[in-house]
Amino acid sequence: MSNADARTSQWIVDAMGAALAQARDAPGHGDVPVGAVVVRRSTNEVVVRAHNERELRGDPTAHAELLALRAAAHTSGSWRLDQYALVVTLEPCPMCAGAIWAARLPLLVYGAADPKAGAAGSLYNFAADPRLNHSTEVVGNVRAQECATLLSEFFAGKR
């Protein structure tokens, strides 16, 4: 896993800004503020935007990542998303990491690490498990403080 630093590409920083904007929409319907965008690697264009909608939909699988991947597959016409990157404000959970693997995404970018459920290096590492037939490059800690603050402020309001 690589970490973001001063060399992080501008498109990654900008895409995380788009994911953060999505995350800010989630609390409006009671959902945890996690946002995700799918970026076409050839142009660095954001093609799909999503945020958590578990509460809104009453669906335990309505994580931002899964909603974004489903929309990207629909838009591209293929379940293989090997020409795209996923940018998400929180390190994906095991369910989402499995979907990233299944979609053959070559790049995952996340903001805040999730030591309790993260499956891209914190708790598990689906992205680099040698037992799997596909690996994903991971860039973590992009705008991590902004992402973490959004989450901590949301949960502080719940207490």
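Leaving aside neighbours within four places in sequence, Q22 is in contact with G35, A36, R49, A50 and H51. The model in which this contact set is found is a predicted one. Q22 belongs to helix α1, and its relative accessible area of 13% means that it counts as buried.

**Around G35**

One of the partners of Q22 is G35, a residue of strand β2, which covers residues 35-40. With a relative accessibility of 0%, G35 is likewise classed as buried. When residues up to four places away in sequence are not counted, G35 touches A19, Q22 and A23, then A50, H51 and A64, and also V87, V88 and T89. The C-alpha atoms of G35 and H63 are 8.8 Å apart in space, while the two residues are 28 residues apart in sequence.

**Helices α1 and α5**

Two packed helices are described by the angle between their axes and the distance between the axes. For α1 (residues 10-25) and α5, that angle is about 5° and the axes are 11 Å apart. Angles under 35 degrees count as roughly parallel, and α1 and α5 are therefore roughly parallel to each other. On the α1 side the residues that meet α5 are M16, L20, A23 and R24, and on the α5 side they are E146, C147 and L150. Sorted by class, this contact has five nonpolar and two charged residues, with no polar ones.

V109 lies in strand β5 and counts as buried, at 0% relative accessibility. Between V109 and V47 there are 62 residues along the chain, and their C-alpha atoms are separated by 15 Å.

**Helix α4 and what follows**

Helix α4 spans residues 94-102, and its buried residues are C96, A97, G98, A99 and I100. Which elements do the buried residues of α4 pack against? They pack against α3 (64-76), β4 (84-90) and β5 (107-112). After α4 comes R104, whose phi is positive, near 65°. R104 also lies over the face of W101, at 5.4 Å from the ring centre.

A further buried residue is A120, which has 2% relative accessibility and is found in the loop between β5 and β6. A120 and C93 are 27 residues apart in sequence, and from C-alpha to C-alpha they are 7.9 Å apart in space.

**The loop between β6 and α5**

Most residues other than glycine have a negative phi. N141, although it is not a glycine, has a positive phi of about 65°, and this residue is found in the loop between β6 (137-140) and α5 (144-158). R143, which lies in the loop between β6 and α5, has a positive phi as well, near 50°, and is a residue other than glycine. Both are partly exposed: N141 has a relative accessible area of 33%, and for R143 the value is 29%.

**Aromatic pairs**

How many aromatic pairs does a search of the whole structure find? The search finds two, and they are set out in the table below.

| Pair | Distance between ring centres | Angle between planes | Arrangement |
|---|---|---|---|
| Y124 and F126 | 6.2 Å | 75° | edge-to-face |
| F154 and F155 | 5.1 Å | 80° | edge-to-face |

Planes over 60 degrees apart count as edge-to-face, so the angle of 75° places Y124 and F126 in that class, and the angle of 80° does so for F154 and F155.

Notes: Residues are numbered from 1 along each chain as its sequence is written. This is a predicted model: local features need pLDDT of at least 70, side-chain atom pairs count only at pLDDT 80 or more; totals for chains, interfaces and linings use all residues. Side-chain values use heavy atoms; hydrogens and water are left out. Rings of Phe, Tyr and Trp (its six-membered ring) pair if their centres lie within 6.5 Å; planes under 30 degrees apart count as stacked, over 60 as edge-to-face and the rest as tilted. A charge sits over a ring if NZ of Lys or CZ of Arg is within 6 Å of the ring centre and within 35 degrees of the ring normal. Helices (H or I, at least four residues) and strands (E, at least two) are DSSP runs, numbered from the N terminus. Buried means under 20% relative accessible area, exposed over 50%, partly exposed in between (1.4 Å probe, protein chains only). Axes are lines fitted to C-alpha atoms, for helices over the stretch in contact, and angles run from 0 to 180 degrees between N-to-C directions. Angles under 35 degrees count as roughly parallel, over 145 as roughly antiparallel, 65 to 115 as roughly perpendicular and the rest as oblique. Contact means heavy atoms within 4.5 Å. Ala, Val, Leu, Ile, Met, Phe, Trp, Tyr, Cys and Pro count as nonpolar, Asp, Glu, Lys and Arg as charged, and the others, Gly among them, as polar.
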